[in-house]
2 protein chains.
Amino acid sequence: MFTTNPFYQELSENYLFAEIARKVDACRRTEPEAKIIRLGIGDVTLPLAPAVIAALHRAVDEMAAAETFRGYGPEQGYDFLLEAIREHDYLRRGIAIAADEIFVSDGSKCDVANIQELFGSNCRIAICDPVYPVYRDSNLMAGRSAQLQYLPCVEANGFLPEPPRTPVDVIYLCSPNNPTGAVFSREQLTEWVAYARRVRALLLFDSAYEAYIRDPALPRSIYEIPGAEEVAIEFRSFSKTAGFTGLRCAYCVVPRALPGRLNALWRRRQTTKFNGVSYPVQRAAEAVYSEPGQRQIAAQIDYYLNNAREIRTGLLAAGMTVFGGEHSPYVWWKLPVAMSSMAFFDQLLHECHVVGTPGSGFGDCGEGYFRLTGFGSCDATREAVKRITDRYLQ
Amino acid sequence: MFTTNPFYQELSENYLFAEIARKVDACRRTEPEAKIIRLGIGDVTLPLAPAVIAALHRAVDEMAAAETFRGYGPEQGYDFLLEAIREHDYLRRGIAIAADEIFVSDGSKCDVANIQELFGSNCRIAICDPVYPVYRDSNLMAGRSAQLQYLPCVEANGFLPEPPRTPVDVIYLCSPNNPTGAVFSREQLTEWVAYARRVRALLLFDSAYEAYIRDPALPRSIYEIPGAEEVAIEFRSFSKTAGFTGLRCAYCVVPRALPGRLNALWRRRQTTKFNGVSYPVQRAAEAVYSEPGQRQIAAQIDYYLNNAREIRTGLLAAGMTVFGGEHSPYVWWKLPVAMSSMAFFDQLLHECHVVGTPGSGFGDCGEGYFRLTGFGSCDATREAVKRITDRYLQ
């Protein structure tokens, strides 16, 4: 008789997010006239940029003719996209990454979830608290419950983890951070790279939000730190950079200089278990790097950053304590009242008709905080800030 | 210090297929005037059907306007596609599958590779020999080397495995089969379902080529067999059905009636590690089920089936021994000369300029055979048959 993976029992059923959806639905039914503003989910709302749309149409037309039709592509991505990534995201910023160190995928969620397959089952894993839950759950599913270590990210350390004193082997880092919006400085990231080199640990650097960094002094890639190519894998996405959450395209960089033949192992993993990203979507991603594409997506990111700034400055002006919202679409709001973040969710939903995410959904250290995002419309964001400050003015 | 997954060392480096590509390239360079005909790789060549192209353009236009833009969709697929699958692929054939038992993905390769994550590490796994290598490699990567059992598929059993005498827990079946083209009869599949129910084993039924079945007496879904919903997961794909190898869309059915809460486990797996299929691609898949879509893809499959038939009948007429090529795009050709299938590959390439796949690439029992596919153009296929029969007429 077959048995099931026992480690799935260690996962929470993710009641929180289902519960949130249920509560929003219930509010909509009981108060059908209420104009609910959603600043909860981290999903983009602006339509795809014109350069991206044009590239999609062109690629679809190619698929309609036998001479230009494309079937299976290379699992790790077409050369045209690998080259565009290499040149624009790395070479132009002085970072030498080879095309065969880049792996295009259908999403950073998949990449950060799958990467742990390459590691020994006994590896000690460190993740932040609060954290994007996929880092934790993918390791729980693989049976690493006992080897998980949490790095508290709290007000005292600016919500940025420091290298742990107890030994770990693999560390997930995310900057600009989801959910706190905190961003590593060059000095802090340099310290992490030095640590990883010293203890021979591996850094998994999730920079899905790097496009939101506006201060040139802040690192957008971990490979800006010398020596990082020997200790770090980097994850990037077109989701928040170019609004691809519904199109699905991302990539990760697995340098050849990493120990353990990780580049070869990841290639073997991807060629065995993955069949490449949809061809029109890869052409769409390539168009992001065109001159009009770059201009258009910069305007979109400015729009979301402006929303985040409106939330941040509006709440600050009302005397509240707020973090993030600069170089990040996420605002990490310290609860203005003494209650659990879940109870605060209810209050905000029913009294202001504003939806956010309770910090406890991201881990124990998230309790006492609330995540708002800049991904709404400009008008709705302003209206939400007004409702919040009217209610909680201090 | 971090360690790597030791089980990756048990994988072959897949020299064979890299070697094949290298040899074809070399031939192209040394004989630039030779017209090489590729009947090796199992990839489609006809352009996407007009109904699919139109749906893609419409969906791309939706992504260009804020009112119709779609960001993250449900990980398991949009309702419009789940409903189309449920109705056309199951309900109309008298099979009751609920929409929440269907999971849309970006490829059957991913699904059949990922499904083993749900099973205990000690599960005993049975796969055919010859076999699609992903079944084997995904289990090797998970450390199940010692628990792998091979079911020989040879001329004596019509290249179709029978239930093993030694106990196993999970069995991968594929019908119409890749690489042999063999198809289970209703009686044979009924025997497998009865076996699985008796020993409480799980069947993983890969029916990626079901659309090639033309005899209504042959089962296209394992759920045509009563009781199968309690012992079988089914994998389907739009790749060979509708030419989606470059678009990426597939689905699997994980019935709620399966033991071990497999439906819930797979939902947890997919929501944690996957972010859904590209929205325009899901609309394209939906269009496959439209009246024009059904007509257009039927014509494409007829085209490929006709090619397979030309190969089959041409080789048979020349006195050779051939299997498959009916209800399947694959022809399984018994070598007409006494040599290894790899040596035969070289001979066929250099003397006929025809590319196929050596049977040994699919497992030890594939030695002595050669796979040709119906996915080429009609003219090239005829020409290949002529070259082969001129050379090997017996």
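Tutor: What follows is a set of questions and answers on a predicted model.

Student: What does the secondary structure of chain A come to?
Tutor: The C-alpha trace of chain A spans about 60 × 55 × 55 Å along its principal axes. Within chain A, the secondary structure comes to twelve helices and 13 strands.

Student: What radius of gyration does chain A have, and what would a compact globule have?
Tutor: Chain A has 394 residues, and a compact globule with that number would have a radius of gyration near 21 Å. The value for chain A agrees with this: 21 Å.

Student: Which strands stand at the edges of the open sheet of seven strands in chain A?
Tutor: The strand order in this sheet is E2-E8-E7-E6-E5-E3-E4, with mixed pairing. An edge strand here has a single partner strand, so one of its sides is left without a neighbour in the sheet. In chain A that applies to strand E2 (102-105) and strand E4 (148-152).

Student: By how much does that sheet twist from one strand to the next?
Tutor: The sheet in question is the open one of seven strands in chain A. From one strand to the next, its twist averages 20°.

Student: Which residue is the bridge partner of A:Ala126 in E5(A)?
Tutor: Strand E3 (residues 125-129) and strand E5 (residues 170-174) of chain A pair over two bridges, in the parallel sense. Across this pairing, the partner of A:Ala126 is A:Ile171.

Student: Which peptide bond is cis at A:Pro130, and what is its omega?
Tutor: Most peptide bonds are trans. A:Pro130 is found in the loop between E3 and H5 of chain A. The cis bond runs from A:Asp129 to A:Pro130, with omega near 5°.

Student: Which residue does a cis peptide bond join to A:Pro176?
Tutor: A:Pro176 is in the loop of chain A between E5 and helix H6 (186-199). Omega of the cis bond is about -10°, and the residue joined to A:Pro176 is A:Ser175.

Student: What is phi of A:Phe159?
Tutor: Most residues other than glycine have a negative phi. A:Phe159 is located in the loop between E4 and E5 of chain A. Phi of A:Phe159 is positive although the residue is not glycine, at a value near 65°.

Student: Which strands stand at the edges of the open sheet of four strands in chain A?
Tutor: This sheet has the order E9-E10-E13-E12 and antiparallel pairing. Each edge strand has a single partner strand, so one side of each is left without a neighbour in the sheet; these are strand E9 (322-324) and strand E12 (357-358) of chain A.

Student: How are the two copies related?
Tutor: Chain A is superposed on chain B by a rotation of 180° with 0.0 Å of shift along its axis, and the RMSD is 0.0 Å. The copies are therefore related as by a two-fold rotation axis.

Student: Which residue of chain A comes closest to the rotation axis?
Tutor: The distance is taken at C-alpha and comes to 3.1 Å. The residue is A:His57.

Student: Which elements of chain A give two or more residues to the side that touches chain B?
Tutor: The contact takes 62 residues from chain A and 63 residues from chain B. By class, the side of chain A has 33 nonpolar, 18 polar and eleven charged residues. The elements of chain A are helix H2 (50-62), helix H4 (108-114), helix H5 (133-141), helix H8 (262-273) and helix H9 (279-288).

Student: What is the handedness of the crossing of H2(B) and H9(B)?
Tutor: The axes of helix H2 (residues 50-62) and helix H9 (residues 279-288) of chain B come within 8 Å and cross at roughly 145°. The residues of this contact divide into eleven nonpolar, no polar and three charged. H2(B) passes H9(B) in a crossing that is right-handed.

Conventions. Residues are numbered from 1 along each chain as its sequence is written. Chains are lettered from A and ligands numbered from 1 in the order in which they are written. This is a predicted model: local features need pLDDT of at least 70, side-chain atom pairs count only at pLDDT 80 or more; totals for chains, interfaces and linings use all residues. Two strands pair if DSSP finds at least two bridges between them. Copies are superposed by least squares on the C-alpha atoms of residues with pLDDT of at least 70 in both. Two residues are in contact if their C-beta atoms, placed from the backbone, lie within 7 Å. Ala, Val, Leu, Ile, Met, Phe, Trp, Tyr, Cys and Pro count as nonpolar, Asp, Glu, Lys and Arg as charged, and the others, Gly among them, as polar. Axes are lines fitted to C-alpha atoms, for helices over the stretch in contact, and angles run from 0 to 180 degrees between N-to-C directions. A crossing is left-handed if the near helix is turned anticlockwise from the far one by less than a right angle, and right-handed if clockwise. The radius of gyration is taken over C-alpha atoms; the globule rule is 2.2 Å times the number of residues to the power 0.38.
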